[in-house]
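Thanks for coming. I will talk about charged side chains today, and the structure goes up now.

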Amino acid sequence: MTQWENLMAPVYTQQLHELYDRDDLPMDVRHYLSVWIEKQDWQRAAGDYGLAILLFQQLLENLDIQHSRFGLQEEFFLMQHNFRRYKNNFQKYQEEPCILARKISWFLEKEKEILQSVELNEKVRQLCVEQETMETDSQQDLERRMAGLRNEVQCMEHTIVCLEEQQDEFDFKYQTHRMEAVKDENEKQKQWNTLQSLVNQLNNCRKRTLVGLLKILDKAEDLIETLVKKELVDWQRRQQKSCIGAPDNVSLDLLEKWFSCVAACLFQVREFLSKLDELSDKVSYEKDPLKTEKPVLQERADTLLKKLLLNSFVVETQPSMPQGKGPLVLRTNVQFSVKARLLVKFSELNHLMKVDVSMDSDTPQIKGYRRFNVLGTKSKALNMTESQSGGMVADFRHLTLKEQKCGGGKGASEISLSVTEELHILNFDTVFDFKGMSLKLQASSLPMVIISNSSQQQSAWASVLWFNMLSLDTKDIRFFATAPSAPWPQFAEMLSWQFLSATKCGLNAEQLEMIAFRLFGKQQSYNHLMVSWAKFSKENSPITFWVWFDGILMMVKQYLADLWRDGLIMGFVTKAKEKSLLKKKQRGTFLLRFSESMVGGITFSWVETTLTGEPEIKTVRPFTKNDLEQIPFHEIIRNFQLMEMDNVPENPLLFLYPNTPKDEAFGKYYSDKSGENSPYIKYIKTKLMFVTTENSLESSSAMKQGPELQPITGLCGAEQSTIDPEVLTLEALLADPLMPLPGDTDTAEDFLVSSYDPNLLNCDLTSSEFNLQDLHTLPTQFCGVFQ
């Protein structure tokens with residue numbers, strides 16, 4: 001199949017429409033000449049004039065041939081007309097055929113990217129399905145092995161009973177034989193032979209019992225290896241990722257079930273071994289296997305049980321503050337909660353095991369490293385009442401941290417870390433004492449960042465994200481001494497998790513590509529690139545990449561979550577991409593995107609038509625938290641209006657990209673009341689004024705003559721106000737201060753600007769004749785956007 005035939009699948013439809021939404025290479029031409037187009041070396045022709053002119057001529061010939069084919073069929077009359085027009089349009093490349101070759105090559109490369117991106121997404125989906133299937137298969141395998149272990153233990157219980165009965169029979173006959181005075185030697189020998197046969201049977205039974213116990217321990221050891229080195233490690237990694245937004249299952253119920261099952265079986269094995277001790281004390285003989293082999297089994301059973309118990313004490317819920325950005329960021333003198341859990345659950349231990357909390361038991365030798373005291377109720381009993389699932393938990397809900405006043409340690413290392421790169425660990429200690437097994441257990445939290453001011457929270461959360469994204473060593477508190485870089489795919493996944501956890505809707509491939517473009521510039525592929533810790537959270541301070549991204553995230557979470565979940569916000573899209581998408585769309589088509597430089601800003605751009613019929617893209621200055629606190633964004637879109645030349649207000653926003661009518665897209669969010677009855681009209685009247693007029697050269701000349709200032713009517717009948725030219729400032733007339741990305745040549749004149757002065761209506765800056773020296777003479781030309 002040709003590349004084009006592969007792209008005919010429905011999954012590529014939307015991306016193809018966006019790609020071929022221009023006349024550089026009409027989709028009709030691409031479709032009907034697909035075989036010929038794909039056979040040519042357009043990339044070489046882009047730099048070879050001779051080849052380019054040859055392919056140009058062949059293209060025109062092929063267009064003629066296709067045109068003649070349409071002429072044979074009446075139903076293709078319109079296509080025949082279109083192909084005549086296409087040929088005429090291509091004639092402009094006669095002098096510069098290399099440009100045409102370069103454009104066609106670009107389209108073919110973009111098609112390959114579309115195919116690769118969808119294929120990659122499908123592979124990811126398949127991997128997710130396979131992973132879920134593997135997890136299910138792994139769980140089913142563990143369940144079968146657990147059932148096998150329980151069955152072996154039950155059989156062993158029966159074996160021990162039979163062994164005891166057999167030994168009792170032998171013991172009874174042996175004692176009887178000793179007490180009877182049998183004089184007949186034949187009878188005496190006969191009884192002795194019977195006893196010898198019984199002791200042989202008893203010996204064989206003891207050996208079989210020991211072999212059975214050895215098999216049980218082998219199975220238990222295999223299960224413990226799986227639980228400790230795989231299942232528990234996998235859970236710990238899932239918990240790490242869950243702490244930074246990943247939708248991973250971190251329930252401990254299955255692990256508790258499995259840990260408790262193996263522990264119960266091992267305790268039964270220890271009881272069996274104790275029973276064998278009793279039997280051996282009652283009846284023993286030369287080369288008794290219980291005397292020689294049982295101690296080895298006892299030591300092995302105890303070792304396995306200790307290993308299981310030492311790994312069974314975990315931190316179920318990591319330390320977190322009620323109003324924090326996420327777990328693992330704590331503030332001094334602010335209460336936080338944390339929960340520890342014992343995965344070996346025995347009802348007999350309910351309320352008996354005390355858990356103590358401490359801080360930084362292993363203090364690193366780092367210059368200036370701070371130390372803290374834990375305050376509050378630092379000791380609690382493990383109990384089943386504080387857990388929804390009935391697990392053995394110690395739920396600490398009212399702990400606080402206080403910095404020690406002795407000053408930070410000098411340390412043996414010259415490494416110095418910032419407060420938000422300094423990692424600390426909470427430790428939990430308890431003693432397991434049950435059925436003769438006494439053992440000290442310890443659990444540790446994931447590394448935390450401790451701050452003293454809320455202004456540090458954003459940077460602290462960046463550290464938590466970076467550590468838990470990259471580190472598999474959950475006790476590496478020196479991580480930021482040499483913080484590693486993150487591969488782009490892993491980094492992109494983490495960014496998507498932030499939106500997924502905040503809004504239930506992550507980032508798609510196109511949005512992540514824009515972010516990658518912001519970080520790396522244009523690249524053929526981003527998968528091999530690395531994001532450094534400095535690029536993420538330190539470069540361009542104070543507006544680092546993370547500050548910019550987190551500002552958008554917080555704005556969406558608080559004010560735009562519903563619109564984001566419904567896919568109404570394109571969001572992460574560059575100005576250049578925005579223009580390419582809107583340029584060929586009908587008048588009134590608009591899209592919503594995040595500001596590329598303003599922290600926590602969202603704006604919209606729409607298509608207008610100039611007097612010459614050319615499309616013109618207009619953009620408003622971004623709206624921020626202060627705006628969205630006053631009026632929902634969908635109401636801004638609903639009520640946005642411009643004042644035309646004849647003073648007729650008109651909303652230029654008609655179709656959400658690509659072609660959804662505005663009211664169809666946003667209607668379900670609208671307030672039931674509109675117009676003068678709208679609950680937002682008071683704010684709109686006094687705060688929002690979206691007004692513009694044509695700014696022609698003639699009107700500019702008239703203004704310079706200094707006519708009397710006239711009142712102007714604002715959005716939705718806003719009250720008239722006279723503009724005082726004295727309050728105009730350069731800042732009020734500046735466009736969105738977006739820093740252009742590589743290849744983005746957009747200028748400030750693209751924006752309708754906003755003002756924060758209640759008496760100020762801003763000027764329409766779309767005219768190329770605008771002169772800053774004339775600021776004091778501008779009256780009714782102003783387009784007030786935002787107060």
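Helices here are DSSP runs of H or I with at least four residues, strands are runs of E with at least two, and both are numbered from the N terminus. With that, Lys 662 is placed in helix α21. Before I go on, this is a predicted model, where local features need pLDDT of at least 70 and side-chain atom pairs count only at pLDDT 80 or more, while totals for chains, interfaces and linings use all residues. Residues are numbered from 1 along each chain as its sequence is written, and side-chain values use heavy atoms, with hydrogens and water left out.

Two more terms. Buried means under 20% relative accessible area, exposed means over 50%, and partly exposed is in between, with a 1.4 Å probe and protein chains only. A salt bridge is a side-chain nitrogen of Lys or Arg within 4 Å of a carboxyl oxygen of Asp or Glu. By that rule the count comes to 41 salt bridges.

Back to Lys 662. Contact means heavy atoms within 4.5 Å. Not counting residues up to four places away in sequence, Lys 662 touches several residues, including Phe 590, Ile 637, Arg 638, Leu 654 and Tyr 670.

Now some pairs that do form a bridge. Glu 256 and Arg 341 meet through their side chains at 3.0 Å, N to O. Glu 256 lies in helix α10 (residues 253–282) and Arg 341 in strand β3 (residues 336–342), so this pair ties together parts that are 85 residues apart in sequence. Are these two buried or exposed? Glu 256 is buried because its relative accessible area is 6%, and Arg 341 is buried because its value is 1%. Both also belong to a network of salt bridges that links Asp 253, Glu 256, Glu 316, Arg 341 and Lys 345.

The next pair is Asp 566 and Lys 668, whose side chains form a salt bridge at 3.0 Å, N to O. This pair links distant parts of the chain, 102 residues apart: Asp 566 is in the loop between α17 (545–565) and α18 (575–582), and Lys 668 is in the loop between α21 (662–666) and α22 (681–687). Asp 566 counts as partly exposed at 37% relative accessibility, whereas Lys 668 is exposed at 64%.

Lys 230 forms a salt bridge with Asp 234, with the closest N and O atoms 3.1 Å apart. Both lie in helix α9, four residues apart, about one turn of the helix. Lys 230 is partly exposed at 38%, and Asp 234 is partly exposed at 31%.

Helix α9 covers residues 185–243 and also holds Glu 185. Glu 185 is exposed because its relative accessible area is 52%.

Last, Glu 510, in helix α15 (residues 509–520). Glu 510 is partly exposed, at 40% relative accessible area. Leaving out residues up to four places away in sequence, Glu 510 touches Gln 15 and Phe 572. Glu 510 and Val 573 are 63 residues apart in sequence and 8.1 Å apart in space, C-alpha to C-alpha.
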